[in-house]
Amino acid sequence: MEFKLQLNGKPLTLQAEPTDSLREALRGVGMLSVKNGCDGEGTCGACAVLLDGRLANTCLLRVGQVEGARLRTVESLSSKPRELSPLQTAFIDAGIVQCGYCTPAMLLAIEELLDRVERPSREQITDALSGTFCRCTGYEQIYNAVDIAIERRKDPAYQGYLAPEFREELRYVGKAKGKVDGYALARGAAAFVEDRVQPGHCHLKILPSPHAHAYIKRIDTSKAEALPGVVFVATYLNTPEVWYNQAGQGFPEPSPYDRRMFDQKLRHIGDRVAGVVAESEAIAKQALELIEVEYEILKPVLSIDDAKAPGAPCVHKAAVEYVVGAPETLDTYNQNADPREGKVIYQFPIHGDPHRNLAASVSGGIGDIEKGFAEAEVILERVYESCQIQCTPVEPHVVYTRMDNERLVIHASTQVPWHVRRIIARIIGIPENKLRVIKERVGGGFGAKQDMVLEEVAAYCTWVTGRDILFRYTREEEFIASRTRHPMRFRIKLGAKKDGTLTAMYMDNEANTGPYGAHCLTVPMNACSKALPLFLCDNVRFEVHTYYSNIPPTGAYQGYGAPQGSFAMQLAAAELADELGMDHLAFLEKNRVREGSMLEILRCLGEGREGIPQLVYTCGLGPALEEGAKMIDWGKAEPSDDPDIKRGKGVCIIQQGSGLPGLDSANAAVTMFGDGTFMLLSGGTDLGTGLDTVTVKMTAEILCTRMEDIALIAADTDVTPFDVGAYASSGTYFSGGAARNAAFKMKQLLLQEASEMLVEPVEQLELVFPSTVKGRSGSVSFEDIARRTQSGTGKGQLTATANFITDKGSFPYGAHFCQVAVDTRTGKVSIEKYYALQDAGTPINPELALGQIYGGVLKTIGHSLYEEMLIDENGRCLNPNFVDYKVPQIAELPKDFKAVLVDTDDPFGPFGAKSISEISTNGAAPVIAAAIHDATGVWIRSWPFTPEKILKALGKIA
C-alpha cells in the first residue's frame, strides 16, 4: 500500500503495509539517524522523530498511523548539506556527543523544546529529555549546551564557556576544540554497523537454551533446513570443534579457552543451541521454531556458595589442558572428565580447578600480615558484596560480515578489532591475512564490547555460505548472552593503631564468573590492584578465587573490577575510621598514597605473571581532597525541616591505571600528502571517549598545523597498524603515545627536508604555525616540502611510523564527595550533591573528559542505588529489558552535580596526560554508602542500596 506524508519538509510516498514499523520504514528510505536500542519497548528513545511537531518514538508507531503527518528527523536540522545548526554545534562543543548513538534523538528533543520555549528552565530541559536514555554522557553538560545554542541562534559566532583550559603554551592540547567525528554523528550520518549493511543480506538468529545447565541429547534441524529462505543451520554437529575464549585480551590470554562456537553442553539460559541464517529475519525466526531439541537437564549453579558446596554440579567437567606449565597429575585429574564437556585449555597456569568450579585463583602480598595484625590496636573485619549488573550500551552487540573476493570482511562494533581477527582466524582455520576487521563507530562499549560476543558466529557462517550476514542482539539477548559485571564478595580485614596508622590490610575476593571464564583472573585481580595501592601499609595480603556458575555471562565492564574492590576497601576504611572515632577525611589523608610512594604491592598483581612495582610520580589526591572538602562544607551538619529526612556526607578516594605497562602496545603512522596535509593512521579504538580527537590533536600540535589538516583512519586491520584495543584505560596513554611518537618522527623528516631546501642546519630550523618550517634565511611551507619529496627527483612521500610501549605506570586519582538525603520512613536515598574531583594529568579534551566523569559517575549511581539483574532459582533473568531493569536517566541527576579536573603533569603520559574514562566509576558506591551511614548511622554493605535494605538496617522492617 501507499502512504503519503511529509518528511523533512518534502513529500514522501511510503510503500508499506499499515502494520509495518515506522522506524524500519524510515531507515528504508535512508533516515539512518533513527536508531534501535530497545526493540519496540519505547523505553530508550533512540528512534525518536518529531511527529507534527512533537517528539514520538517510531518503534511504537505503525506506518498506517502517520498518513498525512509531518515528520522531521535530525537530518532536517541543517539547512544546507555539510552545515550544522546552532544546536548541533553546541552539542559538539559542550562535549555531549560521545558515542553518538542517541545524539540525534537528544537533539530532536531539545529542538522541539526550543521551538516552544525561548529560554527553557533546567526543569523544562530535564522534562524534554526524560524519555531519552544515554549511558555515555551523564547528561549534565546538556544544560550548558542548551544555553550556548540559544545564544548561537541569535549570534552564530557566540562561543560561551565550554570547559577549563590547560597548558597555556599549547594550541590544541588541553583546549575544547570539538570532537573530530562530532559533525558526522550530530548529522546522523552513516557511521554504525547497521548503516553499512547492503541490500540482499541475510539475517542470523540464535536458538537460545531454555535451561541454565543441560546437555543436548538430540537435535534435529531438518525441518528448519527445508524451510524456503533458510541458507544454513549451525549446531555443534557441523561447526568447528575449536576451543577458545571470547575475552579480547593480549595473547597468551590469562583466561581459559573453555567454549566452542556451539557446544553439546549448555551453561546458561540463552546459551547457543543452534543458529539459523536466512533470507529474512522473519524466516530465521520461523526456522528456529522448527528445530527439535531434547535436553538432559542438570541442576544449575547460581552463586559462589553453590559453586563451592561439596558435591556441587560441575559447570565444566571437561578435559583440562595446558599450553605450558601442566601439572604432573593432569592425566589423573582428567580421568573423571565427561567427553560431552569438551575442553578447558589454559595458556599457562592460573591456579584453576574446573572440576570444583574454580576457574582461577591467585594470592600474594608484601610484608608480614600476621605481624601487622599483631601490632594493631584496633582490628576491623567486614564482608561486602556486589551484584550482577548489565552494561546496557544503547546499541546492542551487532556485526555485519561479507566476502570480498576470497577475503572475509567483518564490520564490527568492537573495542578490540585485532583480537577479533586473531581469534576468528584461529576458529575458522584461516590465516589472518584472509580476514579484515573494520571497527565502525561503537554505540556504547563500556567493556562489554571488549569481548568477541557474536562476531565469530556470523563470520563463520559467511565463510561457509559466502553470504552477507547481519547478526544483531535483541535487548533481551543483550541482557542474558552478552556481558555483565562480575558479582563479587569481599572479606576485608584492617588493622590500625589508635592514631589511625594502618598496620595490616587483608582482602579476600570471591568472584562469580558465570558460565565461561572470560577475564576470570584479571577482573577480580583488578579489584585488588586498584583498591590496595591507595593506602600506604607495609603489610598487605590478598586472595582471589573465581568460580564458574550458570548465571548470564560476565566479562569486562568499565572499571574492570575496580568499582567492586573500591566499594569494599573504601567502605571498610570508613568503618575503621568510625571505630577509631576519627574523622573519615582525616583518616584518608593520613594513610593515602602520595607523590614519591613506591607501590610494591603491584609486584604481586600482574595479569597472570609477575607485576612491576611502580613509583608514583604525580598524585592529585591532596588538592582534590582539599578542594572537595571546601565544596561540600565537610564537617558541617546539614539539618532537615522534615524529621523523617536525614542528611549525611561521604568521601572516598579512588584510582585506576593508564593501560597495562609491560603488556600493552600501540602503533601509529603519519603520511604527508601532496599539498602538505597529513593522514594519520591509528590503531586506537574510539568508543565515543574522544580518542580519535586525542590523536589528531597531538599530531596537529606537534606538526604546527591545523587539526582539519590531519585526516584520520583508525582501527581498520587492513589499513592501520596494530593496537591492543580500547581497554584498561589505555587509549590516551598508549594509542595517544603512539600518535605523538609518529608525529615527532614526521617533524624530524620535515626538518631534514627543509634543511636541504634552505641550506641551513636542522638545529636552526623550527616548525611554526601554520604548516611552515622557518629558518634564519627564510621559510618553506609544508606544501613546498611535499611537492619536492614527491617529485621525480625527490626522496619519496614522507611517512613516519612509531609505536608506544612502556614499563612505567601512570595512575589517575580521584576524590569523590557526596551529600545524601535519606527518607527514614520509606528508605529512599536522594543524592543532593555529588562532586567528582579527578586527576587525569593534562586533560587532552577537557570538555570530553568532563563528560566521561559525569557519565561514569551517573552510571555507577545507578549501580549503587537500583541496578541489579534479578536471577530466579532456575537461572532465568527476570528483568532483561529497560521496562523492568532500571537505568539512570536525566531525572536521576544529583541536584548539584560537579566534575572537577585536577591539574597534574605526568612525566610519562603524552603531553602529561593520564586516563579518565574508567576511574570515575569507582567512587559512587563507597561514597554514597558512607554518606548513608553519616545520615542514619547504618552501614549498607551490599549494592544496590535499596530502600528495603535501608529500612531493614534501621529496624523498621524484618
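1. A word before we start: two residues touch, or are in contact, when heavy atoms of theirs lie within 4.5 Å. Please also keep in mind that this is a predicted model. Ser-85 sits in the loop between β5 (70-72) and α2 (86-93). Is Ser-85 buried or exposed? Its relative accessibility is 9%, and buried means under 20%, so Ser-85 counts as buried.

2. Next, have a look at the open sheet of five strands. Its order is β14-β24-β23-β22-β15, and the pairing is mixed. At the edges are β14 (358-366) and β15 (378-385), each of which pairs on one side only. From one strand to the next, the twist averages 5°. For readers new to sheets, strands pair through backbone hydrogen bonds, either parallel or antiparallel.

3. How many of its residues are buried? The count is 13 of the 13, so β23 is largely enclosed by the rest of the structure. With strand β22 (residues 488-496), β23 pairs in the antiparallel sense over nine bridges.

4. Together with helix α15 (residues 522-529), β23 and β24 make a right-handed β-α-β unit. The helix of that unit, α15, lies across β14, β22, β23 and β24 and runs at about 160° to β23.

5. Now turn to β15, which pairs with β22 in the antiparallel sense over eight bridges. Val-378 has Ala-496 in β22 as its bridge partner. Helix α16 (residues 562-580) packs on the sheet too, touching β15, β22 and β23, and its direction makes about 145° with that of β15.

6. A residue worth a click in strand β14 is Ala-360. Ala-360 is buried, with a relative accessible area of 0%. Leaving out residues up to four places away in sequence, its contacts include Ile-350, His-351 and Gly-352, along with Cys-520, Leu-521, Val-544, His-545 and Thr-546. Where does Gly-596 lie relative to Ala-360? The two are 236 residues apart in sequence and 34 Å apart in space, C-alpha to C-alpha.

7. Another open sheet has four strands in the order β30-β29-β28-β34, with mixed pairing. Its edge strands are β30 (710-714) and β34 (799-804), each pairing on one side only. Neighbouring strands here are turned by 20° against each other on average, direction ignored. Strand β28 (residues 666-672) and strand β29 (residues 678-682) pair in the antiparallel sense over five bridges, and Thr-671 has Met-679 in β29 as its bridge partner. Helix α19 (residues 691-703) packs on this sheet, where it touches β28, β29 and β30, and its direction makes about 145° with that of β30.

8. The axes of α19 and α20 come within 8 Å and cross at roughly 25°. Angles under 35 degrees count as roughly parallel, which makes α19 roughly parallel to α20. Their crossing is right-handed. Among the residues making the contact are Leu-691, Val-694, Met-698 and Ile-702 of α19, and Gly-731, Ser-735, Ala-739, Ala-743 and Leu-750 of α20.

9. How do α12 and α13 lie relative to each other? The axes of helix α12 (residues 417-428) and helix α13 (residues 455-465) come within 10 Å and cross at roughly 50°, and the two are therefore oblique to each other. The crossing of α12 and α13 is right-handed. On the α12 side, Val-420, Ile-424, Ile-427 and Ile-428 meet Glu-455, Glu-456, Ala-459, Tyr-460 and Trp-463 in α13.

Technical notes:
Residues numbered from 1 in each chain as written. Predicted model: local features only at pLDDT ≥ 70, side-chain atom pairs only at ≥ 80, totals over all residues. Heavy atoms only, no water. Buried < 20%, exposed > 50% of the residue type's maximum accessible area, 1.4 Å probe, protein only. Pairing = 2+ DSSP bridges. Right-handed = clockwise from strand over helix to strand, strands pointing away. Axes fitted to C-alpha atoms, helices over the stretch in contact; angles between N-to-C directions. Parallel < 35°, antiparallel > 145°, perpendicular 65-115°, else oblique. Left-handed = near helix turned anticlockwise from the far one by under 90°.
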